[in-house]
Amino acid sequence: MKSQEIRQQFLDFFQSKGHLIVPSAPIVLKDDPTLMFNNSGMAQFKEYFLGNAVPKSKRIADTQKCLRVSGKHNDLEEVGIDTYHHTMFEMLGNWSFGDYFKKDAIHWAWELLTEVYKIDKDILYVTVFEGSKEENVPFDQEAWDIWKTLISEDRILLGNKKDNFWEMGDQGPCGPCSEIHVDIRSAEEKAKTPGKELVNADHPHVVEIWNNVFMEFNRKADGSLEKLPAQHVDTGMGFERLCMVLQGVQSNYDTDVFMPLIQKIESVTGKQYTIKAANEAEEKTNIAIRVIADHVRAVAFAIADGQLPSNTGAGYVIRRILRRAIRYGFTFLETKEAFIYQLVDTLASQMGASFPEIVSQKALVMNVIKEEENSFLRTLDQGLQLLDNVVKGTEGNEVSGNKAFELYDTFGFPKDLTALILKEKGMAYNEADFDKAMFEQKTRSRAASEVSTDDWTILTEGNTETFVGYDLLVNEVKIT
Ligand code: ATP
Ligand code: MG
Ligand code: MG
Ligand code: MG
């Protein structure tokens, strides 16, 4: 089944259960001081759970563009190294705002996975919150009793507070979760270890696909819990992981979500992606290709949503992601010229039907990426030579923080990049000295009353026939 159909079937299924289908909110949040990027499906509905706004429908479903590269959820370091965490990914979700609760949510999740998508029950595990005495939160007996009518009890596992209890913050709505995990290991692998031991253990073939959160409590300022007057459901399923399962492959990158991008990278760079790397050199090439295929999506969608790369805030995060991709290409695929921008075409033809902004903003996205690539490739070349000299002039394995800062300040070398290059040589830089130099520089620039330029590009109707701009899109999505 093609990814396009998989996404559509999810939405059709929940529409048939009375859900209103809404568009994804932009990946970049403009007005939320607590969050830079949308990192889950529920972010755009936060106000409903807090009771500050009333939803247009009590049942909603969508696919949300998410980015997990900062704050509470930061998967950046895993991306490309593993095969199932992305920077940008789609989270399929269904919500009940004071309407249905555990019974329907669990039954529908199960119906969708086992009857519509026809996933074999014997590769699924589910988890239920075990309860916590210190926190005075009970075991989720209700979820257990519902699950045991659907799946054999030896496939229901107990989960701890970290994995199976969701809280918005120190106070406010919270409740237990039930997760669904898949075990897609080969028969040979399965013979070695029972699947249940690998749930939540970072195994690439025993992965979490769907989280169902049941918001039933309110945590008060004194830490105690009270039952919420209206109970809510918030679910999130990783789309790329679901595609991996349904397409019978063992990595998100082997699905049709990523394969066209990977093929394009292969044809432009002349390097080859191997489904199973035979040696370290192949694995390095694979990682670089995965990093680029992943990062171009994050960067392209962020730019299409109005966030240009820059030196501050969200723009800086986007710039860093793009530079990470450029650097992996430069180092491991030997790409000395801009090429990542060419992938946007592939991305647009593949994702455009579900996310028209990537088509209408294609020219802008390509131009911005190409320019960033050109300028960073120039600095990379100079910076790497400089870093090489610094390393040669260093005794021991600690590079001075001031030198690292100079690279950052003069050559646009992000500190994580310097750290990464040094790490490969078994070295590091002095972080305290780096931070001190950074602080001093900030003080200097503040004194010079430097004004940071505007990072936002407001997309208007003039830019496109179909995309009506960031602000309008936000309003359209606000279904109050
Ligand atoms: P994991 O434990 O695998 O890191 P999570 O528990 O952090 O996932 P949730 O916050 O529960 O994830 O998000 C709901 C779903 O979104 C997950 O079940 C998973 O399928 C998917 N997901 C989470 N993070 C990522 C990511 N970085 N890339 C791709 N899919 C993800
Ligand atoms: Mg996670
Ligand atoms: Mg998890
Ligand atoms: Mg989870």
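1. Val299 contacts Ile318, Ile321, Leu322 and Ile369, leaving aside residues up to four places away in sequence. Contact means C-beta atoms, placed from the backbone, within 7 Å.

2. This is a predicted model: local features need pLDDT of at least 70 and side-chain atom pairs pLDDT 80 or more, while totals for chains, interfaces and linings use all residues. Residues are numbered from 1 along each chain as its sequence is written, with chains lettered from A and ligands numbered from 1 in the order written.

3. Val299 is one of the residues touching the most other members of the largest nonpolar core, along with Ile292, Val296 and Ala300. That core has 112 residues. A core joins buried Ala, Val, Leu, Ile, Met, Phe, Trp, Tyr and Cys residues through C-beta atoms within 7 Å; buried means 20 or more other C-beta atoms within 10 Å of the residue's own. Helix H9 (280-304) contributes most, with 13 residues. Domain 1 (3-246) and domain 2 (281-447) both contribute, so the core lies between them. The domain bounds come from an automatic or database assignment.

4. A second, separate core has 11 residues, among them Val399, Leu407, Leu417 and Leu422.

5. Ligand 1 has 16 residues around it (C-beta within 6 Å). His85, Phe89, Asn211, Gly236 and Gly238 come nearest. Strand E10 (206-219) gives the most to the shell, four residues. The shell divides into five nonpolar, six polar and five charged residues.

6. Confidence: pLDDT (per residue, from 0 to 100) averages 89, and 92% of residues score at least 70. Residues 449-480 fall below 50, yet have 48 contacts beyond near sequence neighbours in the model. The complex has an ipTM of 0.99 and a pTM of 0.86 from the predictor.

Terms used
Helices (H or I, at least four residues) and strands (E, at least two) are DSSP runs, numbered from the N terminus. Ala, Val, Leu, Ile, Met, Phe, Trp, Tyr, Cys and Pro count as nonpolar, Asp, Glu, Lys and Arg as charged, and the others, Gly among them, as polar. A residue is buried if 20 or more other C-beta atoms lie within 10 Å of its own, exposed if 12 or fewer, and partly exposed in between; C-beta atoms are placed from the backbone. Two residues are in contact if their C-beta atoms, placed from the backbone, lie within 7 Å. pLDDT is the predictor's confidence in each residue, from 0 to 100.
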